[in-house]
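Keep the sequence and the 3D view open as you read.

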Amino acid sequence: MLELTLDRGENRPLIDQLTQAIAERIDQRHLLPGVRLPSIRQLAGIAGVSKFTVIEAYDRLVAQGYLISRPASGFFVAGQRPALDLSEPVDQRDQAIDPVWIMRQALTVDRKTQKPGCGWLPQSWMNEEQLRRALRQLAGAPQSQLLEYSRPLGYAPLRQQLSRRLAGIDIPAEPNMIMLTDSGSQAIDLLHRYLLQPGDTVLVDDPCYFNFLANLRCHRVEVVGVPRRPDGPDLDQMTQLAARYRPKLYLTNAALHNPTGGLLSPAAAHRLLQLAEAHNFVIIEDDIFLDFQEHPGPRLASLDQLRRVIYLGSFSKTLSAAIRCGFIVAHPDRMVALTDIKLATSFGNNDASAQLVHRLLIDGSYRKHVETIRRRLRQAMAQCQRRLEGCGFTPWLQPGEGMFLWMHLPDGHDSAALAKAALQHDIVLAPGDVFSVTRSCAGFMRFNVAQSSNLRLFEILQRQLTRK
Ligand SMILES: Cc1ncc(COP(=O)(O)O)c(C=O)c1O
């Protein structure tokens, strides 16, 4: 039997409330396709409203495709909902610039295309020789496990190694609190499966990493943006939004935030954790750029000791994006459920990748490799910023470290239009709105400083920006 309670004290018409309540039950699959709804008279009795209110609500639900009306039999939940289509933008303002735009472009273009909009280092910056050597060693070592599924949490020596590394930034992670995944992206998806139900609300930074938005969309949740400030989320706004939407989750990169490159100040971190406690939401701290920081400051996961914070990382940015390997660090209480979801959705992570990453991490060359990357990134950042300023851009922040510069376009210019024009010249840029749930970042663009060394980029930018 359908149970519904409408709030007569609420400043919203009963028809709206009734329509929404039924739509939510269908979205959340409490009411499945084909189920017959109560008759108009029955529902009027259940909800304590007039028959007119029910007729109007049912009519709206039919118009919205939730219900079908069968004359003389009643109202039924409509058949299959349309398949999820991520290419459909959040609103219709710009069909081309949705959260998947950069990946779609950057992963399909040919090698000669410049990719200042992408989020990874150029091949020439990676230690490919070392990687090939480790692959050969792995293939040749008789003890390598190349045939069977991984253990549920993943390759134990890598988890032990990660545990030692995390202790270095005060994250108290025993190996049994670390679960290997096939990537940072898979870690995020698993956590969303674990924490969220369709219809829940999630807070993200505005702007945030575009794939947070795309993945949350797969989970059919409401996403609410918290304006990002240079030292973290706007906590006054977050307080109001948390009270209003009762979010289940806040998803962020506390340090080297994508796309702004910002850090979370210690004061903001403390207040954020208090807010999460007061409003009972979980925080996912995606720390994928950790090794780009020379002296990493305290992480949310260390301040909170993994009570409310779940931490994740991956090796795509420093070792290889082809060898997929990431990890989740969480309180032991969460590990059984998380591992079950991992097994249910993948039967385990790629054990060959995990063994390879382990070899690469324990080899002394990793430390030298990331030191070199950090040095090169610092130089590239200073140079890229100077060149962009020469084209009329202004930095929103001076990150100093990491890969990204979040730049303001000269007044009146639109980053989506600039990105589309640049594509004609074989340059993939990252227009601001792909990072913004409110689509309020049209005046910004993210630059990957490691992918912005070719002077042709700045010539094209200059030409496009003076054309207007
Ligand atoms: C903030 C952030 N998280 C996660 C990822 C995904 O990483 P992976 O390649 O491990 O899936 C990226 C990739 O750009 C990222 O920028």
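Helix 7 passes helix 12 in a right-handed crossing. A word on handedness: a crossing is left-handed if the near helix is turned anticlockwise from the far one by less than a right angle, and right-handed if clockwise. Helices here (H or I, at least four residues) and strands (E, at least two) are DSSP runs, numbered from the N terminus. Helix 7 covers residues 184–195 and helix 12 covers residues 332–346; their axes come within 10 Å and cross at roughly 115°. Those axes are lines fitted to C-alpha atoms, for helices over the stretch in contact, and the angles run from 0 to 180 degrees between N-to-C directions. Helix 7 and helix 12 are therefore roughly perpendicular to each other; the scheme calls angles under 35 degrees roughly parallel, over 145 roughly antiparallel, 65 to 115 roughly perpendicular and the rest oblique.

Who does the touching? On the helix 7 side, the contact is made by Gln186, Leu190, Leu191, Arg193, Tyr194 and Leu195, and on the helix 12 side by Arg334, Ala337, Leu338, Ile341, Lys342, Thr345 and Ser346. Contact means heavy atoms within 4.5 Å. Sorted by class, the contact of helix 7 with helix 12 has 7 nonpolar, 3 polar and 3 charged residues. For that sorting, Ala, Val, Leu, Ile, Met, Phe, Trp, Tyr, Cys and Pro count as nonpolar, Asp, Glu, Lys and Arg as charged, and the others, Gly among them, as polar.

Before going on, some ground rules. This is a predicted model, in which local features need pLDDT of at least 70 and side-chain atom pairs count only at pLDDT 80 or more, while totals for chains, interfaces and linings use all residues. Residues are numbered from 1 along each chain as its sequence is written, and side-chain values use heavy atoms, with hydrogens and water left out.

Now for another pair. Helix 6 (residues 156–167) and helix 13 (residues 351–362) have axes that come within 9 Å and cross at roughly 40°. That makes helix 6 oblique to helix 13. Their crossing is left-handed. Helix 6 brings Pro157, Leu158, Gln161, Leu162 and Arg165 to the contact, and helix 13 brings Ala354, Val357, His358, Leu361 and Ile362. The residues of this contact divide into 7 nonpolar, 2 polar and 1 charged.

Helix 14 passes helix 16 in a right-handed crossing. The contact is made by Cys384, Arg387, Leu388 and Gly390 of helix 14, together with Leu455, Phe458, Leu461 and Gln462 of helix 16. By class, that gives 5 nonpolar, 2 polar and 1 charged residues.

Let's step back to the whole chain. It is divided into domain 1 (14–77), domain 2 (93–119 + 374–465) and domain 3 (128–363), with bounds that come from an automatic or database domain assignment. The centres of domain 2 and domain 3, taken over C-alpha atoms, are separated by 25 Å. Where these two meet, 24 residues of domain 2 are in contact with 27 residues of domain 3.

What about the covered parts? Helix 8 (residues 210–218) is mostly covered, with 7 of its 9 residues buried. Buried means under 20% relative accessible area, exposed over 50%, and partly exposed in between (1.4 Å probe, protein chains only). After helix 8 comes arginine 220, whose phi is positive, near 55°. Over in helix 15 (residues 415–423), the buried residues are Ser415, Ala416, Leu418, Ala419, Ala421 and Ala422. They pack against helix 4, strand 13 (430–431), strand 14 (444–448) and helix 16 (455–467).

Finally, zoom in on single residues. Alanine 23 is found in helix 1 (residues 14–27) and is buried, with a relative accessible area of 8%. Leaving aside neighbours within four places in sequence, alanine 23 is in contact with Leu61 and Tyr66. Is aspartate 231 buried or partly exposed? At 37% relative accessibility, aspartate 231 counts as partly exposed; look for this residue in the loop between strand 5 (222–229) and strand 6 (232–233).
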